[in-house]
Amino acid sequence: MTPERMMDDFSIADVITEDLIQLEMEAETKEAAIYELTQLLKVHGDISDEKDFAADVFLRESEGLTGIGNSIAIPHGKSDSVIKTSLVVGKTKKPIEWESLDDQPVRVIILFAVRNTDANTMHIKLLQKVAMLLADEDFIENMVHAQTKAEVIELLSKDPMEDEE
């Protein structure tokens, strides 16, 4: 199978499991949220070093906004600390202040952990799929109100092209 064909068949479900979803985050700041989600990646075995990975995420944060509006942020880190490219999703108990396009706080954080060797392939595909999903207001509404890990995975696994006829 060619890499192009493999990417066509790529699903977000390939990079997230229920173990990588935190429905009631304790974090009350952006920094604490990134660290809390980084810990999930470490426990799950997707990163080798929490400090190094978090440093790479904060470096990326310094380069531009990851709060995309509508209560959602998509921080990401390309890092040598990443063992397996993954997504980790957190929902906050209370809105968190985050630099965002609409100047509103965040409730849902989708953190991308990307291996440096995947940076030009899977990273682009992941961002593309998530961006397509985030263009759908129903998806955003459903994500903000999702009550279970299974709901979150089902939402993220949806093919963004399905609704287009």
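The legends below describe close-up views of a predicted model.

**Figure 1. Overall fold of the predicted model.** The protein contains six helices and six strands. Read from the N terminus, these elements follow the order α-β-α-α-β-β-β-β-β-α-α-α. Of the 165 residues in the protein, 45% are buried. When contacts between residues at least 6 apart in sequence are considered, 69% of them join residues at least 24 apart.

Figure 2. K91 sits in strand 5, which spans residues 86-96. The residue is buried and takes part in no salt bridge. Its nearest side chain of opposite charge belongs to E151, at 7.6 Å. A salt bridge requires a side-chain nitrogen of Lys or Arg within 4 Å of a carboxyl oxygen of Asp or Glu, so at 7.6 Å E151 does not pair with K91. A polar atom of the K91 side chain does lie 2.8 Å from the backbone oxygen of V144. Apart from neighbours within four places in sequence, K91 contacts Q22, L23, E24 and M25, together with R107 and V108, and also M143, V144, H145 and A146.

**Figure 3. The largest pocket and its lining.** This pocket has a volume of about 180 Å³. Its lining consists of L23, E24, K91, T92, K93, R107, V108, V144, H145, A146 and Q147. Strand 1, strand 5, strand 6 (106-115) and helix 5 each contribute at least two residues to the lining. Strand 5 gives the largest share, three residues. The buried K91 is one of the lining residues, and V144, whose backbone oxygen lies 2.8 Å from a polar side-chain atom of K91, is another.

**Figure 4. Salt bridge between K93 and E26.** K93 and E26 form a salt bridge in which the closest N and O atoms are 2.8 Å apart. The two residues come from distant parts of the chain, 67 residues apart: K93 belongs to strand 5, and E26 to the loop between strand 1 (21-25) and helix 2 (30-44). K93 is partly exposed, with a relative accessible area of 43%, whereas E26 is exposed, at 53%. K93 is also among the residues that line the largest pocket.

**Figure 5. Salt bridge between K94 and E28.** The side chains of K94 and E28 form a salt bridge with an N to O distance of 3.5 Å. K94 lies in strand 5 and E28 in the loop between strand 1 and helix 2, so that this pair links parts of the chain 66 residues apart. E28 is exposed, and its relative accessible area is 58%.

**Figure 6. Salt bridge between D136 and K158.** D136 and K158 meet through their side chains in a salt bridge, N to O 3.9 Å. D136 is in the loop between helix 4 (122-134) and helix 5 (137-145), while K158 is in the segment after helix 6 (149-157); the two are 22 residues apart. Both are partly exposed: D136 has a relative accessible area of 25%, and K158 one of 28%.

**Figure 7. Salt-bridge network of K30, E61 and E99.** Salt bridges link K30, E61 and E99 in a network. The count of salt bridges in the model is five. Side chains of opposite charge can pair when their charged atoms come close.

Methods: Residues are numbered from 1 along each chain as its sequence is written. This is a predicted model: local features need pLDDT of at least 70, side-chain atom pairs count only at pLDDT 80 or more; totals for chains, interfaces and linings use all residues. Side-chain values use heavy atoms; hydrogens and water are left out. Helices (H or I, at least four residues) and strands (E, at least two) are DSSP runs, numbered from the N terminus. Buried means under 20% relative accessible area, exposed over 50%, partly exposed in between (1.4 Å probe, protein chains only). Lys and Arg count as positive and Asp and Glu as negative; His and the chain ends are not counted. A polar contact is a pair of N or O atoms within 3.5 Å; within protein, one must be able to donate a hydrogen and the other to accept it, and residues adjacent in sequence count only if both atoms are side-chain atoms. Contact means heavy atoms within 4.5 Å. On a 1 Å grid over the protein atoms alone, a cavity is a set of points where a 1.4 Å probe fits but cannot get out, and a pocket is an open set with protein on both sides within 12 Å along at least five of seven lines; lining residues have an atom within 4 Å of a point. Grid points are joined across faces, edges and corners, and a volume is the space filled by probe spheres set on the points.
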